[in-house]
Amino acid sequence: MSWLKRALARNPVANVLVLAVVFNLLGAALVLDERQSALEHAKASSSNLVAAVARDISRNIEIIDLTIQKIIDRIDQPDFSDLPPDLRRQLIFDQVATARYFAAIGVTDANSRVIYQSRMADPSILRVANFDYVKVHRERPDVGLYVSVPIKSPHGFGWGIVFSRRISGADGSFAGIVYVALSLDYFTDLFRRMDLGSEGSMSLMRTDGKLLVREPFNEEQLGANVSLADLRRGHANVRSASFLSGPSPLDGIPRLFTFTQVGEFPVAISVGRTIKDVYAAWWRRAVTIGVILMVLTAAMIALAVSLRREFGRRRAAHQEALHNEALFRGAMKGAGIGTALLSLDGTVFKVNPAFCRLFGYTEEDMLSRTAADLTHPDDEAPDDGPLLRGETDFAESERRYLRKDGTEVWVLRSVSLVRDEAGKPAYLIVQFQDITSRREAEDRLRYTATHDELTGLLNRSAFEQRLDEALAESREIGIRHALAFLDLDRLKIINDSAGHVAGDSLLRSVAGALPGYLRDGDIIGRLGGDEFGIILLGCSLDDATAILERLNAAASAIQFRWEDRSYTVGASIGVTEITPASRSPSALLAQADIACLTAKMAGRNRVSIYRPEQSDAVDRHREIAVAAGIAQAIHEDRLRLFAQRIVAFADPSQERYEILVRLVDKDGSLVLPSVFIPAAERYDLVGEIDRWVVWKALTVVGQADMPDRRIRLHLNLSAASLGDPAFLTYVLDAIEGTGVPPEILVFEITETALVSNMTLATLAVGKLRDIGCQIALDDFGSGLSSFNYLRQFPVDMVKIDGSFVRSMTTSNVDHHIVKSIHQIVQELGAQTVAEFVEDPMTFAMVRSMGISFAQGYAIHEPQPFEAVLSGAGARMETSRSG
């Protein structure tokens, strides 16, 4: 080796040639290293792009999922199915966000029929039963949010992807689905905004390998299965990766593919950059490096070896710096997200074109300024101190900025710290992603959740929340407020004569005018229909009444014009005081409602102050509330059967009972028939109660272990049931279905029931007697024509009205009336029952008269029917064994 060194020392040319060879080898190594660096840079750039797009899609899917779950929560509310169809549709769609790309929102029932659809008033034309998202939810209850393959709407809505969730019944059964169809335009618009390079691609696919959408867009590729292609490699095992792929099965172009899963959803986003684009910058640098090496070699031959070596070293170092800067500049310029480079003091020294497009400033405008200068004046500037202190390497926040034209923009601000070779902070890289549309959608969703869409006022839920806050404030500091309930008097007339469009216009006008007659800070809400609620904060009842009187006078003066007609409006207003002693927001609303009802009953168009002595209105309000509670109690199976024994004087061992009904309140207390039966009769609910009693009583007896069937049951029938042609069929089906012998049944009817519909009553009673049932005429003697009904209407027994029986021991007249009724009924071949036997003296007296049966608290107090039936069965068994 020493001879070589000596030769090189003697021959500078050879020395230069060796050095040239070395430099060329180093150049080749540098080219290879740069090629790997170009690949890594392309992977990093693609990863950033994929991550940004994935965040946008993830947030959009989150909004869709929240929308679906909100609709399901609304449908699952206990009283939702009882609401009118139009109101149910309004509640479903008026309080959910409808983003720009939502093609449609729909709800199906358990039979896969579309019952609600946001774009169509009549969704019955839609057929979704054969779509995969319906079948999956029907067959797999464990599926959460399901993402369908692209579907082209037959109704002109274009291509879309359906996101859906299952609706389950109380028992877990399939009850339908809620779905949101998202237009493919959302994805294609998003993808086309990205810088994919020449012949680049971006795809969204399900994690099972089904292609959902791809840019470049091709309808024939939608739904294709790419699970076995290089494009899908590794998706099943990792959340994100980058890899070089051979020719794509979709267009035959080899690419660098980078993918990541979108949040926790079953979809992944993939971007593909062509191999040509990946290595384009490297190829230019490789050519440059080759040229430099050739020039360097020639220069080394021409110059002295020592100078050549020094010059070559410096030139190579300088060239490397230029290359690195060019690489970074290219990455910034090609990024689709606004990016700025900040000095450690926050001064901007570089921005990319996407930043300029986002904020409207040129790069020259931003130089030497700080990004904090763009912060909204109502917000604080971002604090990057933790990054500079080394407490974290990355920070992300949502912030509000002002563009150059003064418009507001919400961005996702992501900042990273770049360190030099010594590990010291060098500068900050800050990215700004526009999220204004998402924030606006979230704001709309929050607004619609608390405001009435028609009037813009607070909705009932939000108003009740403010009322609860006002009551809490009153209890805390003793301040008094006033609550008013305003009901427009003639809205129904306007709706009926001019249409609901006119009625809606009036409601909007009233809602807009109300604040002008109230004080700043007073709270207004639309409670439903033509009803408005007003909270006058810190206002005494007298002052509130004066304000409301002026408001009422203004409402009375309104002449609402619609087309060629003019309407007088007017309002009825009820007001109550909010004090520390007020029980609850619902009680306050009820008081204001009662006062408003009192105003209506007094002639309308006036203000009424709630008074506890408004008994008529209170009773009316209570009856309405009771009627609503009855319907809910029947639905929730909160009716209970009780039984009171009827003693037969001829055979005291006979088991005979009148079946009574009780209602169990939500707090577990029993409600007597005298409270809820009048309300049930007024609001046509007593027929449902009769059916429930017949079905329940026969079912309990049919399932009981009775030694024989000597028991007799008395069941009361209302006028509504006797007048219902379908009720007789219901009774006959119940008898047949339970296997209970009709001979043990006695149906009790009143004179009132007979008068209501004599023809249908005669037909029903005749049929019941034909199959072996007995008929008892209840409360006999209370009407003037009681004996006349005995002539027209054959019965098996007569129950003497308790008002005569109760006082027959002290009233000679009542004693003779009871005795006369018994004698006449006995002559007609029927039996008699004395009701309201309350003491032993009365019991002995009716027995001495020869009356057949006695019933009352002196004999037996009503007890739960199952317990009574169990005791009767035990007594029958003892009697048989004896």
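Begin by selecting Ser 807, which sits in the loop between helix H26 (802-806) and helix H27 (812-827); helices here are DSSP runs of H or I with at least four residues, strands are DSSP runs of E with at least two, and both are numbered from the N terminus. The model is a predicted one, in which local features need pLDDT of at least 70 and side-chain atom pairs count only at pLDDT 80 or more, while totals for chains, interfaces and linings use all residues. Residues are numbered from 1 along each chain as its sequence is written, and side-chain values use heavy atoms, with hydrogens and water left out.

With Ser 807 still selected, display the backbone oxygen of Ser 803, which lies 3.4 Å from a polar atom of the Ser 807 side chain. A polar contact is a pair of N or O atoms within 3.5 Å; within protein, one must be able to donate a hydrogen and the other to accept it, and residues adjacent in sequence count only if both atoms are side-chain atoms.

Next, select helix H22 (residues 725-738) together with helix H24 (residues 758-770), which pack at an angle of about 15° with their axes 10 Å apart; axes are lines fitted to C-alpha atoms, for helices over the stretch in contact, and angles run from 0 to 180 degrees between N-to-C directions. H22 is therefore roughly parallel to H24, on a scale where angles under 35 degrees count as roughly parallel, over 145 as roughly antiparallel, 65 to 115 as roughly perpendicular and the rest as oblique. Pro 725, Leu 728, Val 731 and Leu 732 of H22 make the contact with Leu 760, Ala 764, Lys 767 and Leu 768 of H24, where contact means heavy atoms within 4.5 Å. By class, this contact of H22 with H24 has seven nonpolar, no polar and one charged residues; Ala, Val, Leu, Ile, Met, Phe, Trp, Tyr, Cys and Pro count as nonpolar, Asp, Glu, Lys and Arg as charged, and the others, Gly among them, as polar.

Now move to helix H13 (residues 460-477) and helix H17 (residues 585-601), whose packing angle is about 105° and whose axes are 9 Å apart, which makes H13 roughly perpendicular to H17. On H13, show Arg 460, Phe 463, Glu 464, Leu 467, Asp 468 and Leu 471, which meet Pro 585, Leu 588 and Leu 589 in H17. The contact of H13 with H17 has six nonpolar, no polar and three charged residues.

For a sheet, select the five strands that form an open sheet in the order E13-E12-E16-E15-E14, with antiparallel pairing; two strands pair if DSSP finds at least two bridges between them. Strand E13 (348-351) and strand E14 (394-402) stand at the edges, each with a single partner strand, so one side of each has no neighbour in the sheet. Neighbouring strands of this sheet are turned by 25° against each other on average, direction ignored.

Within this sheet, follow E14 into strand E15 (residues 408-419), a pair joined in the antiparallel sense over nine bridges, and find Leu 402 opposite Glu 408 in E15 and Glu 398 opposite Leu 412 in E15. The hairpin of E14 and E15 has five residues between the strands, and in this hairpin Gly 406 takes a positive phi near 90°. From Leu 412, step across to Gln 433, its bridge partner in E16. The hairpin of E15 and E16 has five residues between the strands, with Gly 423 in the turn at a positive phi of about 85°.

Strand E22 (residues 571-578) and E23 run parallel and are joined by three bridges, and Ile 573 has Val 607 as its bridge partner in E23.

Finish at Pro 216, in the loop between strand E8 (211-215) and strand E9 (240-247), where the peptide bond from Glu 215 to Pro 216 is cis, with omega near 10°.
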